Amino acid sequence: MKLRVRPKGETGLVQHVTPESAGWTYVGFDLQRLGAGEGCGAQTGDREICPVFVTGTGRVMIDGKDFGEHGKRMSPFEGPPAAVYVPQNSDWRVAATTPLELAVCSAPGGGEFTARTIDIPEQIIRGKGSNTRYVTNILPETDPANSLLVVEVITPAGNTSSYPPHKHDTDDLPNESLLEETYYHRVNPPQGFAMQRVYTDDRSLDEAVVIEDGDVTLVPKGYHPVAAVHGYDLYYLNVMAGPKRTWKFHNAKEHEWMLQA
């Protein structure tokens, strides 16, 4: 499996990750880059989705109801995102009112959930020193949904993230949950790069990935730390889903000492 997925072209559907293409069961991720006046949409079928306005603005229609215009930031590194939740068996459409980068996060639907605008909480600071990063929980487990979890993170230049290394690939609650995960990356300035390692304890999977602006990293299992190199801030949007909608992770024991330092 190739863990790094490069964008296809500059406009339209530039990222398209499905459970089938990723070789897993739950998580899907699309990235649409639209010009003002262009649009996208589909039927959700048996999946639920969370469209995230990474940059730009657009008007949202769900099952014929106007949910208004969303989005205001022109860079993922400036200000909070906007997002909506769309349950299974719904028709959704987004019409771009400015150039728009729209991430469509998806996972298996179910339950009795209704479409809604997501109230985005304030950004929180996680970590300290060169492990500091800035987190916005877009669709956490405390908010209603069937299986989808969505969060975005900004890692300042020279800092690490998803670190100390942790994993969530074993269905062993309450100790650990099984969650597939995608990372959608943006780099500022965009000519930069970052690094991500995905590996298991037995090293049956052990891959170092060079991340460039617009890449998606697949995390089917294992630990998955990220490093933003000097001079370049890193943004990523995480999509997670699994058999149970909870995020319980296991730290790599050899690195857990840092949490007590």
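Predicted model: local features only at pLDDT ≥ 70, side-chain atom pairs only at ≥ 80, totals over all residues.
Me: What kind of aromatic pair do tyrosine 199 and tyrosine 223 form?
Reply: The structure holds six aromatic pairs. In the pair of tyrosine 199 and tyrosine 223, the centres are 5.1 Å apart and the planes make an angle of 35°. Planes under 30 degrees apart count as stacked and over 60 as edge-to-face, so the pair of tyrosine 199 and tyrosine 223 is tilted.

Me: How many residues apart in sequence are the parts that this pair ties together?
Reply: Tyrosine 199 belongs to strand S20. Tyrosine 223 is found in the loop between strand S22 (216–219) and strand S23 (226–228), so the parts tied together are separated in sequence by 24 residues.

Me: Which charged residue sits over the ring of tyrosine 199?
Reply: The charged end in question is 3.9 Å from the centre of the ring of tyrosine 199. The residue that carries this charged end is arginine 197.

Me: Which strands stand at the edges of the open sheet?
Reply: Four strands make up the sheet, in the order S15-S23-S20-S21, with antiparallel pairing. An edge strand has a single partner strand, so one side of it is left without a neighbour in the sheet. The strands at the edges are S15 (160–161) and S21 (206–212).

Me: Which residue in S23 is the bridge partner of methionine 195?
Reply: S20 and S23 run antiparallel and are joined by three bridges. In S23, methionine 195 has as its bridge partner alanine 227.

Definitions and conventions
Residues numbered from 1 in each chain as written. Heavy atoms only, no water. Phe/Tyr/Trp six-rings, centres within 6.5 Å; stacked < 30°, edge-to-face > 60°. Helix = DSSP H or I, 4+ residues; strand = E, 2+ residues; numbered from the N terminus. Lys NZ or Arg CZ within 6 Å of the ring centre and 35° of its normal. Pairing = 2+ DSSP bridges.
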